[in-house]
Amino acid sequence: MNKKLVIYLCAILALCSCSKKDDDLKSDNKPKEPIIIEAKSIKFSKDVLELNPGYKEKLSYTILPENTTNKDVEWKVSDPKIASVCPMGGVSAKAIGECVISVETSNGLKAECKLLVKKRVIPISGIAFPEGKPVLEVGKVERMPLLFTPENTTQREVKFKSSDENILTVEDSGLVTGIAPGVAEVTVTTVNGNFSAKAKIEVIEVYHVRKVYITKDCLELKIGESETLRAIVTPRYATNKKVIWKSSNTKVAKVDQDGKVVALAKGKADIIITSEDDNDKTYTCELTVVD
């Protein structure tokens with residue numbers, strides 16, 4: 001074979017080999033199509049969530065398969081007045097009620113969680129009546145005061161009972177009515193029966209004051225003189241016969257609670273008594289102080 005021909009053939013083979021390598025390199029550098037793995041399911045960690053108004057909690061969920069390529073989701077709440085939800089799944093309770101929190105994948109799969117927003121329950125740990133022996137008048141109606149522990153407990157439903165309804169009656173609202181003179185015991189019990197308290201109440205017959213008088217309608221004293229006035233209360237069997245003494249002009253005269261009047265300076269003053277039983281029952285003695 002001609003030497004020149006051999007060299008020529010070798011050159012052609014070398015060129016063909018380089019061209020094939022370039023084609024192979026171009027083939028390796030070509031970008032591959034991305035593999036898309038769709039979500040097959042989505043599920044919340046809980047089916048029901050309970051919150052109190054003003055409280056928050058983050059809802060977690062799981063998308064399968066774990067190697068899903070698109071994990072973007074959209075959050076929704078069925079009633080924005082009850083709650084709100086942020087893009088990260090944080091649920092904020094606004095008002096008492098029910099609604100549904102949902103999360104949806106980009107390919108349309110959905111998970112739902114029922115949200116119950118309830119009033120916060122603060123358990124009761126004790127109940128008692130205030131200290132002292134209550135006195136109730138026949139025919140009068142009063143509400144029994146109660147002391148709850150803790151003070152802000154939400155469990156305030158109770159039942160009342162009277163040991164003797166011939167003496168007093170009591171409603172579940174705590175209203176006590178005096179029926180006849182005597183002593184009866186009122187028992188209060190929480191609805192769950194875990195706590196109770198008792199108090200003895202004395203029911204008395206009260207005779208109210210009808211009128212009050214001062215033994216003198218008018219009085220004249222000299223500066224420095226004194227005199228004790230006497231009050232009369234009717235009826236004589238009134239339950240509370242106490243009166244309150246007062247001077248209308250303490251620069252002219254003063255009076256103590258025994259009715260003793262002392263003249264201090266020239267002028268006029270009214271000496272007034274008021275029934276402690278009934279503030280509308282009053283009487284006045286006109287005092288004149290002279291030199």
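User: What makes up the contacts in the protein with a separation of 6 or more?
Analyst: Residues 24 or more positions apart account for 55% of them. A contact means heavy atoms within 4.5 Å. This is a predicted model: local features need pLDDT of at least 70, side-chain atom pairs count only at pLDDT 80 or more, and totals for chains, interfaces and linings use all residues. Residues are numbered from 1 along each chain as its sequence is written, and side-chain values use heavy atoms, leaving out hydrogens and water.

User: Why are strand 17 and strand 18 called paired?
Analyst: Pairing requires that DSSP finds at least two bridges between two strands. Strand 17 (residues 182–190) and strand 18 have eight, in the antiparallel sense, so they count as paired. One of the bridges links Val186 to Ala199. Strands here are DSSP runs (E, at least two residues), numbered from the N terminus.

User: How do you know that strand 11 pairs with strand 18?
Analyst: Three bridges join strand 11 (residues 135–137) to strand 18. The definition asks for at least two, so the pair qualifies. These strands run parallel. Val135 stands opposite Glu202.

User: Which residues form the covered face of strand 18?
Analyst: Ala197, Ala199, Ile201 and Val203. Ser196, Lys198, Lys200, Glu202 and Ile204 form the uncovered one. In a regular strand the side chains alternate between the two faces of the sheet.

User: What makes a set of residues a nonpolar core?
Analyst: Its members are buried (under 20% relative accessible area, 1.4 Å probe, protein chains only). They are Ala, Val, Leu, Ile, Met, Phe, Trp, Tyr or Cys, joined through side-chain atoms within 4.5 Å. The largest such core has 21 residues. Leu229, Trp245, Val261, Ile271 and Leu287 touch the most other members.

Note on methods:
Buried means under 20% relative accessible area, exposed over 50%, partly exposed in between (1.4 Å probe, protein chains only). Helices (H or I, at least four residues) and strands (E, at least two) are DSSP runs, numbered from the N terminus.
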